There are 2 protein chains.
Amino acid sequence: MSNVFDEIQRANNAYAAGFGTKKDLSMPPARKTAILTCMDARLDPAKFAGLVEGDAHVIRNAGGRASDDAIRSLIISHKLLGTGHWLVIHHTDCGMETFNNEIMGKLLSESLVTATIDKDGWKNQVKSRGSLEGKYINWLTISNQKQSVLEDVNRIRNHPLVNKDVIVRGFIYDVRTGILTEISGE
Amino acid sequence: MSNVFDEIQRANNAYAAGFGTKKDLSMPPARKTAILTCMDARLDPAKFAGLVEGDAHVIRNAGGRASDDAIRSLIISHKLLGTGHWLVIHHTDCGMETFNNEIMGKLLSESLVTATIDKDGWKNQVKSRGSLEGKYINWLTISNQKQSVLEDVNRIRNHPLVNKDVIVRGFIYDVRTGILTEISGE
């Protein structure tokens, strides 16, 4: 069976062979932009936003949420590397809409193995060694996409370490069409 | 002056116009892979690892560190969406090597405006409204890239919510060559 690590190394060899002038890129993002979005495999922010290497910081986590860690990254992005345009991008059909803290805590307490979902929700197929640690984590799930975008934009704008000159705007990306739509609070 | 938000919307229109069969992608990553890497603008993980939309979760933060939030995302990636191959990728010439908690706390206490760096280190050019909040954050800076990769891989492997069947490997990406090199602890 082909090994994904080997496949990635082969793909990387080809990429590095054509690296060209990218060797001269500097650290501060050329377009002074940072994007906060979801880890979802269907999203390629560089492609859907038209970015090339050197253009923008990209911060990604489960949900594209304004977690403390995302805010740590954004503050470094502005304070040390000069970005002033921030996009918070959530998306349709997000996995974070399929569960909540109680569900995840219970699933992990029964087993660490991958669960399955059907019309009745998430279920463990395998009961094995689990851990209660999942009950102590806020999984930052989403019940309403538009609201989660607005709340995250609001949290970032009002953070005491965020310079008021930074422009923060919220968007939803549609995984069925590729379209990015701005969400405004008005 | 051209507005970066408008430029991104125009680029997105072109991307969505050629979306094609990507509309049928499903949520679980096709290649059962998750990548944790840095937000650095010079890194395009899809390009340097040969991934297309639908292949892999991508988690990014300042440094590509195994923060609590990155671990939240990785656990969701395996427990709910079935990834079993995780790559932790730090990189050469990382901004996280240029400061530490004390420096960042002091810079932010004096001003929230972007600082500058020269051979003597980071300096605020503008003194304005600052905040002491920066002193309460662990910025997860890096003093040795190889060591930070190994420590982060180790933290993930030993986390009580991480299934021991997940394969976690560490790498350093060279921003001058595009080459990805595996880092092993032996």
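Predicted model: local features only at pLDDT ≥ 70, side-chain atom pairs only at ≥ 80, totals over all residues.
Local features need pLDDT of at least 70 and side-chain atom pairs count only at pLDDT 80 or more, while totals for chains, interfaces and linings use all residues. Residues are numbered from 1 along each chain as its sequence is written, chains are lettered from A and ligands numbered from 1 in the order in which they are written, and side-chain values use heavy atoms, with hydrogens and water left out.

Now the interface. In contact (heavy atoms within 4.5 Å) are 95 residues of chain B and 95 residues of chain A. The copies meet through the same surface, because 100% of the interface residues of chain B are also interface residues in chain A. The size of an interface is often given as the accessible area lost when the parts come together. Here the buried area is about 8,100 Å², and carbon and sulfur atoms give 63% of it (accessible area, 1.4 Å probe, that two parts lose on being put together, summed over both).

Polar contacts come next. A polar contact is a pair of N or O atoms within 3.5 Å; within protein, one must be able to donate a hydrogen and the other to accept it, and residues adjacent in sequence count only if both atoms are side-chain atoms. Across the interface there are 44 residue pairs in polar contact, both residues at pLDDT 80 or more. Several elements of chain B each supply at least two residues of the side that touches chain A, including helix H1 (4–17) and helix H3 (68–79) (helices, H or I, of at least four residues and strands, E, of at least two are DSSP runs, numbered from the N terminus). H1(B) gives the most to that side, with nine residues.

One residue shows such a contact in detail. Asn124(A) sits in the loop between strand S5 (121–123) and helix H5 (145–157) of chain A. Its relative accessibility is 11%, so Asn124(A) counts as buried (buried is under 20% relative accessible area, exposed over 50%, partly exposed in between; 1.4 Å probe, protein chains only). The side chain of Asn124(A) makes a polar contact with the side chain of Lys79(B) at 2.6 Å. A polar atom of the Asn124(A) side chain also lies 3.0 Å from the backbone oxygen of Leu107(A).

Four are between chain B and chain A. In one salt bridge, Glu53(A) pairs with Lys47(B), with the closest N and O atoms 3.2 Å apart. Glu53(A) is in the loop between helix H2 (45–49) and strand S2 (56–61) of chain A and Lys47(B) is in helix H2 of chain B, so the pair joins two chains. Glu53(A) is buried at 9% relative accessibility, whereas Lys47(B) is partly exposed at 38%.

Other salt bridges stay within a chain. Asp68(B) and Arg155(B) meet at 2.7 Å, N to O. They link helix H3 and helix H5 of chain B, 87 residues apart. Arg176(A) and Asp93(A) meet at 3.3 Å, N to O. Asp40(A), Arg42(A), Asp93(A) and Arg176(A) are linked in a network of salt bridges.

How values were computed:
Salt bridge = Lys/Arg side-chain N within 4 Å of Asp/Glu carboxyl O.
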